[in-house]
Amino acid sequence: MSRGDIVKSGTHPLKEKQSKGIFNLDLLVDIKTAPLARLLVYTLLDNGELVAHSANFPVEPCFANKVDLRFAEREGLPGSQINLHLAAAQNSLCAIHAVDESVFLLKPEAELSAQTVYDLLPLTDLRGYYYKSENLEDPDTNPCVPPKKIIVDGIRYETDTYSYGEGDAYTILRDIGFKTFTSAQIYKPNICSRPERHYPMAYMERGPANARLGGMSMDNSAEPVETTIRRFFPETWIWSLKSLGSESELTLPVTIPDTITDWRAGAFCLSPAVGFGLAQTIFLTAIQPFFVEVTQPYSVIRGEDYVMKATIYNYLKRSIQVGVSLLLSPDYIATPLDKEQGPHCLPVDGRKTFSWKVTPKTIGVQRQLNYKHADGSYSTFGERHNEPGNHSVVRNALFCLETVSQQKDIPIYTQALLAYAFALAHKDDKVTALLQSLQQKAVKGDDGSIHWERIVKPEVKKSLYYEPQALSAEVEMTSYVLLTHLTMLRRAASVSQDDLAIPTKIVTWMTKQQNPSGGFASTQKDDPLTRIFPPQTTLRYNVLPHPGDDPFALTVTTNPETCVGVKAHREFDIAINVSYVGKRPSTNMVILNIKMVSGFAPNRPSVKELEKQALIKRVDMTPREVVVYFEKVSAEATARERVS
């Protein structure tokens, strides 16, 4: 029997008049008998008694579909190609996987094996007469047999009514779940009990019961062993389905990932003819015999020095000579810390570490992404403070401009501004209509130049010695028309000589409006002419104050003030008082960076309380620092934080 069913049955005849003996039975072990074969042997005696015995034979789990999976080599270089061979029954659909071996350190039971597949079977063994938690065992209805009186040599013997550990054929059949319908004797005789005899009994006074285990002791004071669990693992390498079709073998070229690790691969297949099959787990070691490992912090502050280390490993079968240097870059300044700068001899299985002092000069982009909205725009404090992003503002502005462009009798100055705005927004149809309208209103000069003037404008006194410059409004709106043409030409697939005709005529007029210093008359600080002709000015920003003219006052106190007491070594409060002492009423955005002392980390609930203050728009927290963003700072602002 196997899996609750009879898989094979038969008889073995004995020679006549042979009451006992030894004989052999040949049994076929196959998939039908896995994972446990239970053999039952029984015979019927002449007196009607059934004699039986059973034995269990564990069978290794196996499948009819023989699947084989193997790599062409046991080792390979990261990034190189290797062949993966798969063999199974014809027309099999196979699932192949290869993952980092470390994945199974946390959950070894997650790996698919023959035993896990067999454990999914609804029935692997049958014992007793149970159905849906109900015991269906028949009651013993056989009447008891009076004990026989046996006298030998004048000595009387009585049959014992209790026999411990003795079984019968019924028990053997029940234990394998075999239900029998027979008239044979399968129960052992039930001896009737003798009437009880009463004997005098001596009573013993019992005291408190004490239980003690001798030779054993338990030490509850022993410290538990701390187990370190790894929780971060790389991605899966192979996870795909392959159909063999009419073939029984398949070769797959695969590329080994860059990770230096041991890969565990497996496959299982389904065939319409022979069913399920599972390949044995195989391994591939991805090893780099020569590689460099760089050690540096995940983030640094611009201008702050840190040490970067590069370690070279040599697992080749010979010694090599190595030298390491950093590429020159405007993003950082690097100074070697090693005394010997020349090449080094690296022995077999050896390693060498090189170090540099690095000073970053540019910012990455991760901090900027904190201020990005879902629509791709940016704002001062990010999306969670309900502050409108750039895209939202631009969309609202364009809607307003499109509404204005539909009006009649739009002033020339407004048309020039609308044309440039729509050109930047890629509204080409509106730009074309506005340029056509502006071209009809253009003022043409004798030298072939063109420009635009307001219908109503102040009079300009003419001079006999030089041609007066145009008014600032005419210069600005003409420059906006020129910027519109240049913006459209920049996006064009090709530019012809005719396309440059109008911009050239505009530039001819504008060059005559320059003053002796090279500038133009303008009413705006943000003159559109500066986008066409470079300005003769120097722009300075983020200028550090002179010594002694600090614009902020900063005080820091702790509670408790000293480290006396047990609590002070576990948790304390930091009170930070920031005030603006500059010449203005208040500042723009202010960033307060609070770095933790060694051994302490910020308390998250107390840091979240800072965001409830009116002027604080954002708080970023890491295990090493807290960054507070103020919308503005006036005479006094306080930030309190708990550190534990």
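Helices (H or I, at least four residues) and strands (E, at least two) are DSSP runs, numbered from the N terminus. The structure is a predicted model, in which local features need pLDDT of at least 70 and side-chain atom pairs count only at pLDDT 80 or more, while totals for chains, interfaces and linings use all residues. Residues are numbered from 1 along each chain as its sequence is written, and side-chain values use heavy atoms, with hydrogens and water left out.

T261 lies in the loop that joins β12 (249-255) to β13 (262-271). With a relative accessible area of 16%, T261 is buried (under 20% relative accessible area, with exposed over 50% and partly exposed in between; 1.4 Å probe, protein chains only). Its side chain makes a polar contact with the side chain of D100 at 2.9 Å; such a contact is a pair of N or O atoms within 3.5 Å, where within protein one must be able to donate a hydrogen and the other to accept it, and residues adjacent in sequence count only if both atoms are side-chain atoms. When neighbours within four places in sequence are left aside, T261 is in contact (heavy atoms within 4.5 Å) with D100, L284, T285 and A286.

Helix α8 (residues 472-491) has 20 residues and reaches 29 Å from its first C-alpha to its last, close to the expected 28 Å, which is 1.5 Å times one less than the number of residues. Of these 20 residues, 16 are buried, so α8 is largely enclosed by the rest of the structure.

A nonpolar core is a set of buried Ala, Val, Leu, Ile, Met, Phe, Trp, Tyr and Cys residues joined through side-chain atoms within 4.5 Å. The largest has 25 residues, of which F422, L438, W452, V481 and I506 touch the most other members. At least two residues of this core come from each of α6 (412-424), α7 (428-440), α8 and α9 (501-511), and α6 gives the largest share, 7 residues. Another core, of 24 residues, lies apart from it and includes V67, A88, V254 and A265.

Strands pair if DSSP finds at least two bridges between them. β1 (residues 36-44) and β2 (residues 50-58) are antiparallel over 9 bridges, and T43 has V51 in β2 as its bridge partner. The hairpin of β1 and β2 has 5 residues between the strands, and G48 there takes a positive phi near 90 degrees.

An open sheet of 4 strands runs in the order β16-β17-β21-β19 with antiparallel pairing. β16 (290-295) and β19 (332-336) are at the edges with a single partner strand each, so one side of each is left without a neighbour in the sheet. β16 pairs with β17 (residues 306-314) over 6 bridges, and F290 has N314 in β17 as its bridge partner.
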